[in-house]
Amino acid sequence: MLYQSTRNKNLHLSPAEAITQGISSDGGLFVPSKVPEIELLDFYALSHMCYSELSTMILSLYLDGFNKGELDYCTEGAYNTDNFDSESIFELAHLYEGRYMLELWHGPTCAFKDMALQILPYLLTVSVQKLGIDKKVVILVATSGDTGKAALEGFKDVDGTSIMVFYPDNGVSAMQKLQMTTQEGSNVSVCAINGNFDDAQTGVKKIFTDEEVIKKLDENGMMFSSANSINWGRLVPQIVYYVGTYCKLFSDEEIKLGEEINFCVPTGNFGNILAAYYAKCMGVPIGKLICASNSNNVLTDFIHTGVYDRNRKFYTTISPSMDILISSNIERLLFLLSGGDDEYIRGLYKDLSETGRFEVTDEIKQKLSEIFYAGYCTDEETKAEIKNVFDKYSYTMDTHTAVASKVYNDYVKATGDTRKTVIVSTASPYKFSASVLDALGSDADGSDEFEMVKLLEEKCGVPAPESLASIKDKTVRFTKTVAPDKMSEAVLDFLF
């Protein structure tokens, strides 16, 4: 199993090299040369594994050259009750007949990013050791809210690494901002930018290919890598919980072996739903993948029309982790759907860079419509869905999960498809207390973030995660804000 760049299929890297580099020097993303398959009968065995065992099994199919001992070290270090408040690592809530909530936020930062970012530091350090690299690895991260804190928590005080996170100053929730700016650790830094997530992500990608900055790092025994889902080491662990969800439904006798289920995923950078597509390609019986967006509905339009156009108004919403107009992992999807045509991908992304848009072929449009359904909803519709589900089922959703719940309702009305469906719940509602309280009709005027957490606890009767409640007693360490064109200077200031 070797890895190619989406913009150069003749490039062949080992898994360790792909994880360590993070992104290809040609600007492309690394993808496996083939997608391994799971036999249907294997689900009997997989359904009896704990999460770390399942992770070792799935990762072994992609990470050729990693032996079982190395993978066990990674998975057992990441997926345990010291890091997660659930023995099964994720929870599957049966909301009502045929609809399930896949809760992926039982990790240390209360967001689904923990599912990958708790293991990435292990995968990265093992990769560096396997390659015999004697350099400090500098992790750069652009975040729309959750990746930043999860990456900081995963890499804090990890030997041989430093990490710097950039976030849009007015584009994250108050709790997300506090989680990042109070981060502990001697090797971490956090910086706001005057811009949106796309500005942060574009800035990080530019730094990765800035020859002058790379030269300075090299002269000082350092190298860059990434913790965003552009890094295959971030994306491949996400495949595991889609396999695990199917196994859980099967072992709970909610489905029969081979029965297809749908997944509805709130989507920003397209990494989470792409992991579901990889699981489908591996043989997990998945029917439709429902892509749910907020008012920044560039993905909805793309899946419906085949035209990707970022030339549109950017909205700051109550589901900020989805406030994205440039979804990086679409590039990996198009490489797969085009049969690995790197020349075609280079052309598309040249168009995107020069004009802000591209249009795919009719053949790819057809494939998109067969695999995906896409929808979006406004902030008002998101809040209405939070209240509707709470009133009916006493279940409290965050603002991103509610987007997926609303879009799934629209999907059923539009298609009549009533297959059992798993809605991917990506964050604890306590990370967005102000918006959730507003949706539930509770008056939180004049309350600070922690008073709102208490109000939400009283409203929904479920204790807030300790990792969020304890932030109240932490000191804000990082207050710097820079313009997007000053991000490289901020990185160098941090390192030198």
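The second largest cavity is lined by A142, Q201, V204, K205, S226, N228 and I230. It holds about 40 Å³ of space. This is a predicted model, so some rules apply: local features need pLDDT of at least 70, side-chain atom pairs count only at pLDDT 80 or more, and totals for chains, interfaces and linings use all residues. Residues are numbered from 1 along each chain as its sequence is written, and side-chain values use heavy atoms, with hydrogens and water left out.

Now the terms. On a 1 Å grid over the protein atoms alone, a cavity is a set of points where a 1.4 Å probe fits but cannot get out. A pocket is an open set with protein on both sides within 12 Å along at least five of seven lines. Lining residues have an atom within 4 Å of a point. Grid points are joined across faces, edges and corners, and a volume is the space filled by probe spheres set on the points.

Back to that second cavity. α9 gives the most to its lining, with three residues. Helices here are DSSP runs of H or I, at least four residues, and strands are runs of E, at least two, numbered from the N terminus. By class, the lining of the second largest cavity has three nonpolar, three polar and one charged residues. Nonpolar covers Ala, Val, Leu, Ile, Met, Phe, Trp, Tyr, Cys and Pro; charged covers Asp, Glu, Lys and Arg; the others, Gly among them, are polar.

How many cavities of 30 Å³ or more does the whole structure have? The search finds three. The largest cavity has a volume of about 250 Å³. Its lining has 25 residues, and F112, K113, G268, N269 and S321 lie nearest the centre. α7 (146-155), α11 (232-251) and α12 are the elements that give two or more residues to this lining. The largest share, three residues, comes from α12. By class, the lining of the largest cavity has eight nonpolar, 14 polar and three charged residues.

Next, the open space. The largest pocket contains about 520 Å³. It is lined by 18 residues, and R7, T202, K205, Y349 and S353 are the closest to its centre. K205 also lines the second largest cavity. α9 (197-208) and α15 (342-355) each supply at least two residues of the pocket lining. α9 provides the largest share, five residues. The pocket lining divides into five nonpolar, seven polar and six charged residues.

On to rings. The count comes to 21 aromatic pairs. Rings of Phe, Tyr and Trp (its six-membered ring) pair if their centres lie within 6.5 Å; planes under 30 degrees apart are stacked, over 60 edge-to-face, the rest tilted. Take F270 and F372. Their ring centres are 5.8 Å apart and their planes are at 55 degrees, so the pair is tilted. This pair links distant parts of the chain, 102 residues apart: F270 is in the loop between β10 (261-266) and α12 (271-282), F372 in strand β14 (residues 372-376).

Buried means under 20% relative accessible area, exposed over 50%, partly exposed in between (1.4 Å probe, protein chains only). F270 also has a positive phi, near 75 degrees, in a residue other than glycine. I89 has a positive phi of about 75 degrees and is not a glycine either. I89 sits in the loop between α4 (68-78) and β4 (91-96), and counts as buried at 2% relative accessibility.

One ring cluster: ring pairs link Y3, Y62, W232 and Y278. Then two lysines. The charged end of K130 sits over the ring of F66, 5.2 Å from its centre. The charged end of K216 sits over the ring of F496, 4.7 Å from its centre. The rule: NZ of Lys or CZ of Arg within 6 Å of the ring centre and within 35 degrees of the ring normal.

Last, the cysteines. The search of the whole structure finds zero disulfides (a pair of cysteine sulfur atoms within 2.5 Å). For C74, the nearest cysteine sulfur is that of C50, 15 Å away. C74 is buried, at 0% relative accessibility. C377 is buried, with a relative accessible area of 0%.
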